[in-house]
Amino acid sequence: MNIPKDPVMLMSYLNTQLRDNYPSLEELVKSLGLDEKEITEKLASIGMKYDEKQNRFLP
């Protein structure tokens, strides 16, 4: 799966996917074959953290 490399674009892409297609980050990474730790670390570098209740990355 080709996902955006830029952290801001990645956040936007993932939040859209979470909103439209996946009930959780775990389901998204499993389905797309992504590394959850790598994604969360990349987004943490711009101050974003996954919020399970809202199912999206937030500051």
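Trainee: Why does Q17 count as buried?
Mentor: The model is a predicted one, in which local features need pLDDT of at least 70 and side-chain atom pairs count only at pLDDT 80 or more, whereas totals for chains, interfaces and linings use all residues. Residues are numbered from 1 along each chain as its sequence is written, and side-chain values use heavy atoms, with hydrogens and water left out. Buried means under 20% relative accessible area, exposed means over 50%, and partly exposed lies in between, with a 1.4 Å probe and protein chains only. Q17 has a relative accessibility of 16%, and therefore counts as buried.

Trainee: Where is Q17 placed, and what is Q17 in contact with, leaving aside its neighbours within four places in sequence?
Mentor: Q17 is in helix α1, where a helix is a DSSP run of H or I with at least four residues, a strand is a run of E with at least two, and both are numbered from the N terminus. With contact taken as heavy atoms within 4.5 Å, and neighbours within four places in sequence left aside, Q17 is in contact with Y22 and L28.

Trainee: Why is N21 called partly exposed?
Mentor: N21, in the loop between α1 and α2, has a relative accessible area of 48%, so the label is partly exposed.

Trainee: What makes R56 partly exposed, and which residues is R56 in contact with, leaving aside neighbours within four places in sequence?
Mentor: The relative accessibility of R56 is 37%, which is why R56 counts as partly exposed. R56 is placed in strand β2, and, with those neighbours left aside, its contacts are N15, L18, K49, Y50 and D51. R56 and R19 are 37 residues apart in sequence, yet 7.4 Å apart in space from C-alpha to C-alpha.

Trainee: What makes Y50 and F57 an aromatic pair, and why is the pair called tilted?
Mentor: Rings of Phe, Tyr and Trp (its six-membered ring) pair if their centres lie within 6.5 Å, and planes under 30 degrees apart count as stacked, over 60 as edge-to-face and the rest as tilted. By this rule the count comes to one aromatic pair. Y50 and F57 form that pair, at 5.5 Å centre to centre with 55° between the planes, so the geometry is tilted. Both Y50 and F57 are buried.

Trainee: How many residues does the largest nonpolar core have?
Mentor: A nonpolar core is a set of buried Ala, Val, Leu, Ile, Met, Phe, Trp, Tyr and Cys residues joined through side-chain atoms within 4.5 Å. The largest has 16 residues, and those with the most contacts inside it are L14, L28, L34, I39, L43 and F57. Helices α1 (7-20), α2 (25-32) and α3 each supply at least two residues of this core. I39 touches L14, V29, L34 and F57, not counting residues up to four places away in sequence.
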